Amino acid sequence: MKNSIKLWHQFVATQNSEILQSILADEVKFHSPFVWKPKEGKLLTIKILETAASIFEDFRYVREMTNENNLALEFEAKIGDLTLRGVDLIEFREDGKIVDFEVMIRPANALQILGLEMAAKLAAN
């Protein structure tokens with residue numbers, strides 16, 4: 001898991017999607033702050049994570065908490081004039097692959113703007 005965490009931070013720094021290919025399990029589930037039902041599969045999760053990474057400005061992690069196969073990363077970023085806070089909850093398999101990725105974001109007005117920008121970029125691709 002430690003190597004996968006290091007690789008995740010490399011993805012955040014570089015936005016190199018090849019890193020995601022190596023650390024996401026084929027059956028990964030992505031829990032969006034916008035919809036109740038998780039999105040399933042590596043390709044869709046990569047697309048979502050790449051899109052979000054391209055929208056956030058001044059993204060940085062402010063706190064990291066781990067236990068056995070779980071990681072919680074608290075982050076801060078800007079979207080337009082708004083600052084948002086969020087948490088990435090990541091579950092790893094024993095082989096270090098990410099099998100579950102959940103994102104929670106506040107405040108609501110920043111989440112709404114993020115949703116609009118995500119929808120526009122995902123529709124354009």
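Is Q15 buried, partly exposed or exposed? Q15 is partly exposed, with a relative accessible area of 40%. Here buried means under 20% relative accessible area, exposed means over 50%, and partly exposed lies in between (1.4 Å probe, protein chains only).

The structure is a predicted model: local features need pLDDT of at least 70, side-chain atom pairs count only at pLDDT 80 or more, and totals for chains, interfaces and linings use all residues. Residues are numbered from 1 along each chain as its sequence is written, and side-chain values use heavy atoms, with hydrogens and water left out.

The protein chain holds four helices and six strands. Helices (H or I, at least four residues) and strands (E, at least two) are DSSP runs, numbered from the N terminus. Their order from the N terminus is α-α-β-β-α-β-β-β-β-α. The radius of gyration is 14 Å, close to the 14 Å that the globule rule gives for 125 residues, so the protein chain is as compact as a globular protein of that length. This radius is taken over C-alpha atoms, and the rule is 2.2 Å times the number of residues to the power 0.38. Along the principal axes, the C-alpha atoms fill a box of roughly 40 × 30 × 30 Å.

Buried residues make up 40% of the 125 residues. The accessible surface of the protein chain is about 7200 Å², and 51% of this surface belongs to carbon and sulfur atoms. Such areas come from the Shrake-Rupley method with a 1.4 Å probe; for residues, only the protein chains shown count as cover. Contact means heavy atoms within 4.5 Å. Among contacts between residues at least 6 apart in sequence, 45% join residues at least 24 apart.

K29 lies in strand β1 (residues 24-31). At 34% relative accessibility, K29 is partly exposed. Beyond its neighbours within four places in sequence, K29 is in contact with P38, K39, E40, V99, D100 and F101. K29 and A124 are 95 residues apart in sequence, and their C-alpha atoms are 23 Å apart in space. L89 belongs to strand β5 (residues 82-92). L89 is partly exposed too, with a relative accessible area of 28%. Not counting residues up to four places away in sequence, L89 touches L71, A72, D100, F101, E102 and M104. L73 is 16 residues from L89 along the chain, and 6.6 Å separates their C-alpha atoms.

The aromatic rings were searched across the whole structure, and eight aromatic pairs were found. Rings of Phe, Tyr and Trp (its six-membered ring) pair if their centres lie within 6.5 Å; planes under 30 degrees apart count as stacked, over 60 as edge-to-face and the rest as tilted. Ring pairs link W8, F11, F30 and F101 into a cluster.

Most residues other than glycine have a negative phi, and most peptide bonds are trans. Q15 is not a glycine, yet its phi is positive, at about 55°. Q15 sits in the loop between α1 (2-14) and α2 (17-23). D58, also a residue other than glycine, has a positive phi near 50°. D58 is found in strand β3 (residues 57-67). At 59% relative accessibility, D58 counts as exposed. A cis peptide bond joins R106 and P107, with omega about -5°. P107 is in the loop between β6 (98-106) and α4 (108-124).
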